[in-house]
Number of protein chains: 2
Amino acid sequence: MLIVLSGPSGVGKGTVRKALFSQPGNDFQYSISMTTRKPRPGEKNGVDYFFVSKEEFEKNIQSGQMLEYAKYVDNYYGTPLKYIDETLASGKDVFLEIEVNGAMQVRSKRPDGVFIFLTPPDLMELKHRLIHRGTDSMEVINKRIHKAVGEIEMMQNYDYAVVNDTVDNAVEKIKGIIKTERLRVQRVMPDYLEMLGDSKK
Amino acid sequence: MLIVLSGPSGVGKGTVRKALFSQPGNDFQYSISMTTRKPRPGEKNGVDYFFVSKEEFEKNIQSGQMLEYAKYVDNYYGTPLKYIDETLASGKDVFLEIEVNGAMQVRSKRPDGVFIFLTPPDLMELKHRLIHRGTDSMEVINKRIHKAVGEIEMMQNYDYAVVNDTVDNAVEKIKGIIKTERLRVQRVMPDYLEMLGDSKK
């Protein structure tokens, strides 16, 4: 099972992901990204990132070895397929924390993944603010509405919406989603069918 | 949200449902069934069942007021639509515990419901038994395989499969499913769209 955590920039995806993986007993694997940027002091290849050259990254793109990628300020960042497929083949679920553009690339290639959208708490607070008009200027309100429309449009492409009101709440909800998704008939059915297949041997 | 718990007869649906509702803090409503059988000592109308006459039940069927129903030994049993629609309209989720035939009637009318199939623990134990052949006779094994095929065929029409290994485990999983389903984008989206609609007033 492929689990994708995404959301608008600044929502706190990285903080929530780190809190999730700092907890003991997680039985899923964080997907290590590949990048062409230089390692920062303390960063290790194969732990923080797979650090590669620009040429190697572009070779990976051309041969279809990237599940998703993007270029920021002259550097590539992306998710190599090989690592994910090897982890999934070993029976472990894979967890990705990526930007919204990357998440949509993944959705198109792996529609059976679990896509979680982390929403900023002020998206729902907007309602409260709209009800109590007068405390904000029209300009502030309109900016918030414009931002909210964009966020809600993004959210439509996901399976779940988790409000990042507190990191602990968001982590608990994400853990609940993963546990529940493992009970989906479409995911357990292959095991049962395999068992029946075995019974005919 | 309509939550339907079903499963093969004898799997322990009633026990699991009672354990679930005996816990404090449940924010969903058990759907009371309608029946034409006589109340047993201690049973109360509107609590254990809605007790009605055969004529009234048949009038409900004919006017399309039953979400699902079945006849056992000359008595009707079923789920009246009115009670469910009123509960859903009040903003509460509704929980149904019904037979597999009834669950399929509900699925056809309310495809957006959450359908949970309670599986007997011996369905997965079958694998273990098949691996350790020799302890059971071929007849016993074949009977179990036949039963398993039927159960797996039923399961295909559900969203989730919960193994009833212990009542506590099954209850915890069902509670997790309900919590997680509330995070589904398709369920929270109307709230966000309504909020945006309000913002234009």
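User: Where does UniProt place the feature "binding site"?
Analyst: The unreviewed UniProt entry places this feature at Gly7(A), Pro8(A), Ser9(A), Gly10(A), Val11(A), Gly12(A), Lys13(A) and Gly14(A). UniProt positions follow the numbering used here, feature names are shortened, and annotations may be inferred rather than shown by experiment. The model is predicted: local features need pLDDT of at least 70, side-chain atom pairs count only at pLDDT 80 or more, and totals for chains, interfaces and linings use all residues. Residues are numbered from 1 along each chain as its sequence is written, chains are lettered from A and ligands numbered from 1 in the order in which they are written, and side-chain values use heavy atoms, leaving out hydrogens and water.

User: Is Pro8(A) buried or exposed?
Analyst: Pro8(A) counts as buried because its relative accessibility is 8%; buried means under 20% relative accessible area, exposed over 50%, and partly exposed in between, with a 1.4 Å probe and protein chains only.

User: And Ser9(A), buried or exposed?
Analyst: Ser9(A) is exposed, at a relative accessible area of 65%.

User: Where does Pro8(A) lie, and what does Pro8(A) touch?
Analyst: Pro8(A) is in the loop between strand E1 (2–6) and helix H1 (13–22) of chain A. Helices (H or I, at least four residues) and strands (E, at least two) are DSSP runs, numbered from the N terminus. Not counting residues up to four places away in sequence, Pro8(A) touches Lys13(A), Val100(A), Phe117(A), Leu118(A), Pro120(A), Glu151(A) and Met154(A), where contact means heavy atoms within 4.5 Å.

User: How many helices and strands are in chain A?
Analyst: Chain A has eight helices and nine strands.
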